[in-house]
Amino acid sequence: MYQRYIKRALDFLLSLVGIVILSPLFLLIAVWIRADSPGPVLFRQKRVGKDKVLFEIYKFRTMRTDTPHDVPTHKLTHSQSYITRSGRFLRRTSLDEFPQLFNILTGKMSLIGPRPALWNQDDLIAMRDRYSANAVLPGLSGWAQVNGRDDLDLETKALRDGEYAQNVSFALDVKCFLLTIVKVFNREGIAEGKEGKHYAAKKTEENP
């Protein structure tokens, strides 16, 4: 009942309210991105949705337009050199993820769920299959995000995503939502911008 009806209603209402309230901030970020680096404001990319159906995710662009396409950030040589000045801040604060409110509004994502895998992350997709994590909508934040995020290896991340998929509830969603605020504020588990450190599961944004 909750997952099928109430969760979707809450996603629609909260994402709509969020878009309206944050629209002035979105405009300021868009101006900053265009002034900082030539290229589009938004970054679009194929990601894996519920039941492994592909969809196009939206983010604020944080990397230069000459960044190799469809290559995870942690696999790029000198990846930090591709990140723009505005992008470094947006990644550290997770503000680059906010355009996904439009993905949530249209029903492709949820506020809480497994972070959507890159379309060619076959290893993570297969691991999530083992834990039934591909059976739920991907989220803006999720159980893996508040339990290590970038510090987690792929197997542990998939396990945490599976734990969420098998225990979806209003209480768990509220817990994830509140912990997300705390983790982002304290910058816990965020690998972006930390020079010289290597993580097995970093954020995977590529150049459009």
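Three aromatic pairs turn up in this structure, where rings of Phe, Tyr and Trp (its six-membered ring) count as a pair if their centres lie within 6.5 Å, with planes under 30 degrees apart called stacked, over 60 edge-to-face and the rest tilted. The model is a predicted one, in which local features need pLDDT of at least 70, side-chain atom pairs count only at pLDDT 80 or more, and totals for chains, interfaces and linings use all residues. Residues are numbered from 1 along each chain as its sequence is written, and side-chain values rest on heavy atoms, with hydrogens and water left out.

One of the pairs brings together Tyr 2 and Phe 170, edge-to-face, at 6.1 Å centre to centre and with 75° between the planes. It links distant parts of the chain: Tyr 2 sits in helix H1 (residues 2-36) and Phe 170 in helix H6 (residues 170-186), 168 residues apart. Helices (H or I, at least four residues) and strands (E, at least two) are DSSP runs, numbered from the N terminus. Tyr 2 is buried at 15% relative accessibility, while Phe 170 is partly exposed at 48%; buried means under 20% relative accessible area, exposed over 50%, and partly exposed in between (1.4 Å probe, protein chains only).

Another edge-to-face pair joins Phe 26 and Phe 60, at 5.7 Å centre to centre and 70° between the planes. Phe 26 belongs to helix H1 and Phe 60 to strand S2 (residues 54-60), so this pair ties together parts 34 residues apart in sequence. Phe 26 is buried at 11%, and Phe 60 is buried too, at 4%.
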